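User: I'm new to this structure and would like to know how its descriptions are reached. Could you walk me through it?

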Amino acid sequence: MLPYLPLLIVFGVAPSIYALDLAFTNVGGGWVGFHNFVRTYNDFRFLSAFRHVLVYTCVWLGALIVFVVGLALLLHGRANRVSATFRFLFYMPGALAGSAAVLVWLFMLDPSVSPGSFLLHHVLGADIFAQSIAPGNLPFIFAMIAFWTGAGGWIVVMYGALNTIPHDLEEAARIDGAGPITIALRLKLPLMRKWIAYMVILSFATGTQLFVEPQIVQTASFGLVPDTWSANQLAYQLAFRYADFNGAAAIAVDLLMIGLVGAVLIVTRSGLFRTDD
Amino acid sequence: MRLRVVGLGVRLTVLAMFAVFFIAPVVWLVLAPTKSDKALITSSPFSFGDFHHVALAWKHLDAFSSHIFRRWIGNTLFYAVSATAITLVAGVPAGYGLAIGRFPGRKLVLSLTLVVMIVPGAALVLPIFLELNAVHLIGSSLSVILPFAFFPFGVYLAYLYYATALPPSLLDAARVDGCGELQTFLRVALPLAKPIVALVFFFSFVADWNNFFLPYVVLADSNQYPITVGLWDLLSSTPSFNPAVGGGGQSVKIFKPELALATLIAVVPVAIVFLFSQRALVRGLVGGAVKE
Amino acid sequence: MARVEFDDVSKVFADGTRAVDKLDLQITDGEFMVLVGPSGCGKTTALRMVAGLEDISDGVVRIGERVVNDLTPKRRDIAMVFQSYALYPHLSVRDNIAFPLKIAKVPKAEIGRRVDEAARILDLEPYLKRKPRALSGGQRQRVAMGRAIVRQPAVFLMDEPLSNLDAKLRVQMRADIKKIQSKLGVTSIYVTHDQVEAMTMGDRVAVMRKGELQQVAPPQELYDRPVNLFVAGFIGSPAMNMLEARVERAGGGVAVVLGDARLELSDHPWLAPYDGQAIVLGIRPEDMEDAAIAGDDVGPRLRGRVELREALGADVLVHFAVAARPAVTEDVRELAEDVGDDRLRSQDAAAATLVGRFSPRTRVVEGDTVEVSVDRNALHFFDPQTGLAIRAR
């Protein structure tokens, strides 16, 4: 217990409070109310950054819901070894989270070396790398990278949730005349609802924090991608390039609130987490 | 009957298509360093070159900025291992205490832990940066290790294990058998939690190894970079994606095969931990000890 | 070796539940004391207070001459067998048994010797290297016993140690535990909800209910002379039959009237004060017999209609309805619910169903009218208000 408490306070609670403090004060430490929030909101990059992040998050969420649930359902009811193999294959890219994944996808998006160059050509109309990462494609590309690294983990989670459904229940449904599709829609899906909700809220909160992917792609983009593409990047630039810590804190607080609301929602409403016996 | 065969075919095809999506980039990455920069473009994406090119790519990579790649790997290991060690030493007893202890503030600590656990890590990076900046810790390795070491998910995992899977009678038995509270934890609760320790180790190590944002923000000297940030540094030095690099990149000799090799090396430890930990998780240690 | 003493001991939980209420109980050195009662009666809590796993809210617990209220379990010189066995899953059988000795820093050679001896007593020698999960239920139970006896403690505490075994194994382990205990002569407190275990194992049995001690006595005395309705109903299977009855003065003695039957009693002077009042009459099943084969013409008779005949081999249980009201006091109802018997819920109180343990020679079958003779010297009487037995003090 003892060594944990200071960590919790110093790196869990204190940063949030300090960021709040910065967000409501000016350089001299004077109270400025919502001035920093208004100021950053009116920054010409603010809205586009949040719009980018929002589009990205929606695309990602959509892909997660449809494909994760679909694949988990498809896997459930397969022979054990087949399903285990697929789960492992899906899960593998999870080892390449962070910058490694982005690098891999830079290659995948470069038509000159990509094994999927025909897809790049036909779907994105891209024959050179710069066309692949055209601004309009970015939210989809980032969503795909995030899906590629993270979906496997969620599939395992959903599959686990499906496995808690008693076998009897499924057999009873079959005797009652339900086919596999009816069973999936009427029986399995409702029982997965909690987990889906959890995935959506958590992913929404995570999605809005996007930083690594645009930051790395920006480096390799011949200047096509602005360095303030996402909200977190904007906050970072405010802090680092302009030393505007109060403005950075204001955006950080915006983002933290999104995360916090999501977290509180999950903890108090989902019933997935124990807080007492 | 025919309908069922068709259904099975459709299911397997869909699964196989996704398997290709998930695994093809990995296969490509493994094969890429075996080819020259030119062969990457001309030969088939999934062809195997030869090991000579791997050695060559490593030579170029290692030579980059006077062996800095080795430093990055070393830094990452150092950050991830020491942070994970602190996580385990601090987190597992904390989870135990939260699960079986009865003390004021327990519920508050637990709720805070849960909330911080679910708040995305990236949301706290800038606040942590601002805080560390205020106390002038920016640029030290502690500014990476200590935030890494705070891993509420590990605490929650330990808490959940001790609150649900550990039969209270085992702790009672230990006390009756003569253990004090510390001995009860060390001799009974801790050995039983081996799967959880492995799990916490796994998640913490992987999270620390892969983290980009925090070290990117709090470290300034490229000698201190972990490999994730190092990859970014490499990327910004390669003419393959960055024509602005002077001299056509001939001086640094970092091209696509080198970059692919660097990426591969960067993920190998995580992949190993991935495979290694999976086996530890399967062993249900408590099974059979206490009849329900 | 030591005696154990509860002196006015109470346990109140944080939520206000009074689990044990002013328990006074002395367990003598070497005695096998069984605490028995329905679930929630406080027996396990009482045991855990001796173990030091539960704080004592009020009163004093002594082991030997020592007050142990504030001692940790470690310093009480006790060993405990848990209902779940609580074997350490990460340790082998040998290490499980050796665990308390290792904690006590007993020299290695001595540990080896004592573990081997315990394993020999418990027939565990072939399994010493195994992990608990590779053992059967009975073997696990014996490992738990081994871990307790290897310490040579002053007191054994056992919390329903047999309840997870199947019926046959339970009977065998019952005898084994009793044998080991008397051989080692260690003071033992044994908690169970099973009155058969209580009767067969205990030197004395303490019956508890809602945190209160009801009666402490050797098993036979408990059976023959229960102090109240609760004990009478709890001990014995099938349970004692309880009927509403009225006392009438008759000639020199008294008669007990139930429904249309009348049991003449010549010499029950302590019933006299209840003249004209209602009482509860208790009859053990074996104190009744089919009159046709009893060969007893003078004893009191009950007449009933046979509802069910259960042949057990050595005897026959005959369920028959008589025209009398079943005694439905709160005690009785609670007991019935505890054993899952819902017959008493029916409000049809005009007829009571009794169970008699008859000789297998009885010819009665379902539907017959049966004359039942009753051993009038074995009747039990209870005050319906207090629930206490009516008898000579």
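Analyst: Happy to! This is a predicted model. Let's begin with one meeting of helices: Arg87(A), Phe90(A) and Tyr91(A) in H4(A) touch Ala151(A), Gly152(A), Gly153(A), Ile155(A), Val156(A) and Tyr159(A) in H8(A).

User: What makes these residues of H4(A) and H8(A) count as meeting?

Analyst: Two residues are in contact if their C-beta atoms lie within 7 Å. Arg87(A), Phe90(A) and Tyr91(A) meet residues of H8(A), including Tyr159(A).

User: Which classes make up the contact of H4(A) with H8(A)?

Analyst: There are six nonpolar, two polar and one charged residues in the contact of H4(A) with H8(A). Gly counts as polar, and Arg as charged.

User: How is the packing of helix H4 and helix H8 of chain A described?

Analyst: Two packed helices are described by an angle and a distance between their axes. For helix H4 (residues 80-91) of chain A and helix H8 (residues 138-163) of chain A, the angle is about 145° and the axes are 7 Å apart.

User: What secondary structure does chain B have?

Analyst: Chain B has 14 helices and zero strands.

User: How much of chain B is buried?

Analyst: Of the 292 residues in chain B, 50% are buried. That label requires 20 or more other C-beta atoms within 10 Å of a residue's own.

Definitions and conventions. Residues numbered from 1 in each chain as written. Chains lettered and ligands numbered in written order. Predicted model: local features only at pLDDT ≥ 70, side-chain atom pairs only at ≥ 80, totals over all residues. Helix = DSSP H or I, 4+ residues; strand = E, 2+ residues; numbered from the N terminus. Buried ≥ 20, exposed ≤ 12 C-beta atoms within 10 Å, placed from the backbone. Axes fitted to C-alpha atoms, helices over the stretch in contact; angles between N-to-C directions.
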